[in-house]
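Try each task before you read its solution.

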Amino acid sequence: MNTRTMIGRALSVLAIAAAPALGQPAAEDGTQRYNPEFKVDLAWNRYYDLEQVEDAMRRIAEAHPQYVELRSIGKSIQGRDIWIVIVNNPETGAHDEKPAMYIDGSIHANEIQATEVVLYSLWYLVEKQGINERLTELLNNYSFYFVPVVSPDGRAYWFEKANSPNSSRHNQRSIDNDRDGLFDEDPYDDLDGDGSITQMWRQRDGGGFRRNPDDPRRFERVGPGERSDWEYLGGEGLDNDGDGRINEDGPFGDDMNRNWPGDWQPTYVQFGAGPYPLSSPETRAVGEFVLAHPNIAGAQSYHNTGGMILRGPGVAYRESLYPSADDRVYDRIAQVGAQQLPYYRDWVIYKDLYGVHGGEVTWFAESLGVISFTNELWRNTKRYQGEAQAETEDQRWLWRDHMVFGDEFSEYTEVEHPEYGTVLVGGTNRWGSRSTPPFLLEEEAHRNFAFTMFHARHMPLLRFGRVEMDRIAPDTYRVDVAVRNERVIPTRTANAQRNRIGANDLLLFESDDATLAAAGRLSNWRDRQMDEVRFEPERIQVASGVPGEGEVIYRFIVEGEANDAFTLTYQADKARTISKTFRLGTKTEAGPEPLAP
């Protein structure tokens, strides 16, 4: 099957009207369906600090108590709650009895729009219940676990203190970054008081730079032999500990996206990994919740920046943990994502970006057998809505001056520096890169929400399919039954099968009347010989699970009289349990048409 056909088939899924929602009639008023009155009024053209994010979560939970549970799963290093929002329709089953989608943001707290995207996803999903048929059906079949802020200490610090676009990436564990025996003694210094850590320049002959005569805000590097009179001093700040370096030992500790058990490596291999896997209380809280919920069948983590739909592996030697069958699942989902998210690229972490040990989504994929993605939000080339290419310097200044009206740039201010004398402080501020511009934030959030809902919709959905029943001897019947998966993600990924991750699926036979004489698997409906289950045929271990958009077929030899009843039940960690009662001697059920290849 070629790529265009796969994309077309996947997109066609989006166009299929859902069945009427269970207990939730869809709105008949087209205006209400497309433009409803939301119970929680939130603006999506702005950013929220930690307190405002927590308030929004509480308001959503209070407005939708039938769907939303707000739960603290642990405390951060500084004692802040790590909130998870469980979203489920209990009328169709408990949240932990359905396949669940796990969604988080702000493991790196400076990647701020990740929180807004997760918060928007939570808000939009619950606000559309009973109004939008497809989102209502989604919550009937699946549950969702949202963690808008994995690093609450980091988000609080980013909003409350002066930062650059790249600072507050790590958690707030105190470590001796410069190995002088002191902790956090040389943090950032906001010399001009603008709330951002910008750049410092001083006049010095031969400094390597000059100011543009037409626009003195621009510093230009000069070529060999050309006159220069300005020197770049790096980031704004002071040498508080007298070691010759500026801002090198602030309150930043571990990179929590290097702290997960899957392929974790110590700091001499990968900086920021922490002393041991899940050493951060924040990652431990998330990890313990995830391990306690094996029903999680899909995972999504939001970061920035660069416009990427990333999948594992994080390093080349983990390639074997992504068998071709799993790669096909990733392709089916990501290829649609590339249509939903213009300017985003479908990339493999180690091949197309850089090597990562101990990453969160690779832990989900490699250690837990969960189909998982990281989306790197925003890409500067999207500013111009044209071809994805590198920005020119003129385009950057056009954007700063005429699109965001100077909000991403701090004008230069003269400051007396104790070491350098008179310096200029200013330039691109904390909003000047990485963050989605506020007026484009809602679009960014909605497109990523749509991608993740597409991913969620393809978590396993099982039902019994074709059934054939024949009397092969007096009081003895042959019963062939298919269990079908109507979605793309299998109940057990190929990696989970190969490496024996998690519990096997189970197919159970129960009857008060009939007796099970034998059972086994068929390779197809024409197979005349079954692969017999020799031990406990009434409790079949299905190690392979049910493939995506496929089926497994089992044969049961059942002894009993006509009309005796027996029940088949299929259980899987990552699918809802299905059960059906059959009666011996009843008419064969042809079942639905075979699934397309």
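**Exercise 1. The whole chain**

Task: Find how many helices and strands the protein chain has, and what percentage of its 597 residues is buried.

Solution. Start by noting that this is a predicted model. Step one is the secondary structure: the protein chain comes to 13 helices and 23 strands. Step two is burial, and here 57% of the 597 residues are buried. Step three is extent: along the principal axes, the C-alpha atoms fill a box of roughly 105 × 55 × 45 Å. Finally, take the contacts with a sequence separation of 6 or more; residues 24 or more positions apart account for 76% of them.

**Exercise 2. Helix H4 against helix H12**

Task: Work out at what angle H4 and H12 pack, and which residues of the two helices meet.

Solution. Two packed helices are described by the angle between their axes and the distance between the axes. For H4 (residues 113-127) and H12 (residues 438-457), the angle is about 65° and the axes are 9 Å apart. The crossing of the pair is right-handed. Next, list the contact residues. H4 contributes Gln113, Glu116, Val117, Tyr120, Ser121, Tyr124 and Leu125, while H12 contributes Leu441, Glu442, Ala445, His446, Asn448, Phe449 and Met453. Sorted by class, this contact of H4 with H12 has eight nonpolar, four polar and two charged residues.

**Exercise 3. Checking helix lengths**

Solution. Now look at burial: in H4, 15 of 15 residues are buried. The buried residues of H8 include Asp326, Val329, Tyr330 and Arg332.

**Exercise 4. How H5 is covered**

Task: Identify which residues of H5 are buried and what covers them.

Solution. H5 (residues 133-141) is mostly covered, with seven of its nine residues buried. These are Leu135, Thr136, Glu137, Leu138, Leu139, Asn140 and Asn141. Their cover includes the strands S2 (81-87), S4 (143-147) and S23 (575-583), together with the helices H4 and H12. Last, inspect the N-terminal end of H5: asparagine 132 caps it, with a side-chain oxygen 3.1 Å from the backbone nitrogen of arginine 134.

**Exercise 5. Two buried residues**

Task: Decide whether arginine 217 is buried or exposed, and do likewise for histidine 455.

Solution. Take arginine 217 first, in the loop between S6 (209-211) and S7 (219-221). Its relative accessible area is 18%, so arginine 217 is buried, the cut-off being under 20%. Beyond its neighbours within four places in sequence, arginine 217 is in contact with Trp397, Asp401, Phe409, Glu411 and Tyr412. With one of these, aspartate 401, arginine 217 makes a side-chain to side-chain polar contact of 2.8 Å.

Histidine 455 sits in helix H12. At 0% relative accessibility, histidine 455 counts as buried. Leaving out neighbours within four places in sequence, the contacts of histidine 455 include Met101, Gly298, Ile333, Phe373 and Ile489.

**Exercise 6. Backbone geometry to look up**

Task: Find what omega is near for the cis peptide bond from asparagine 304 to threonine 305, and what phi is for arginine 179.

Solution. Begin with the cis bonds. From asparagine 304 to threonine 305, omega is near 15°; threonine 305 lies in the loop between S9 (296-304) and S10 (308-311). The bond from glycine 312 to proline 313 is also cis, with omega near 5°, and proline 313 is in the loop between S10 and H8.

Then turn to phi. Arginine 179 is not a glycine, yet has a positive phi of about 55°. Arginine 179 is in the loop between H6 and S5 and is exposed, with a relative accessible area of 77%. Phenylalanine 405, also not a glycine, has a positive phi of about 55°. Phenylalanine 405 lies in the loop between H11 (393-402) and S13 (409-417), and at 67% relative accessible area is exposed.

How values were computed:
Residues are numbered from 1 along each chain as its sequence is written. This is a predicted model: local features need pLDDT of at least 70, side-chain atom pairs count only at pLDDT 80 or more; totals for chains, interfaces and linings use all residues. Side-chain values use heavy atoms; hydrogens and water are left out. Axes are lines fitted to C-alpha atoms, for helices over the stretch in contact, and angles run from 0 to 180 degrees between N-to-C directions. Helices (H or I, at least four residues) and strands (E, at least two) are DSSP runs, numbered from the N terminus. A crossing is left-handed if the near helix is turned anticlockwise from the far one by less than a right angle, and right-handed if clockwise. Contact means heavy atoms within 4.5 Å. Ala, Val, Leu, Ile, Met, Phe, Trp, Tyr, Cys and Pro count as nonpolar, Asp, Glu, Lys and Arg as charged, and the others, Gly among them, as polar. Buried means under 20% relative accessible area, exposed over 50%, partly exposed in between (1.4 Å probe, protein chains only). A polar contact is a pair of N or O atoms within 3.5 Å; within protein, one must be able to donate a hydrogen and the other to accept it, and residues adjacent in sequence count only if both atoms are side-chain atoms.
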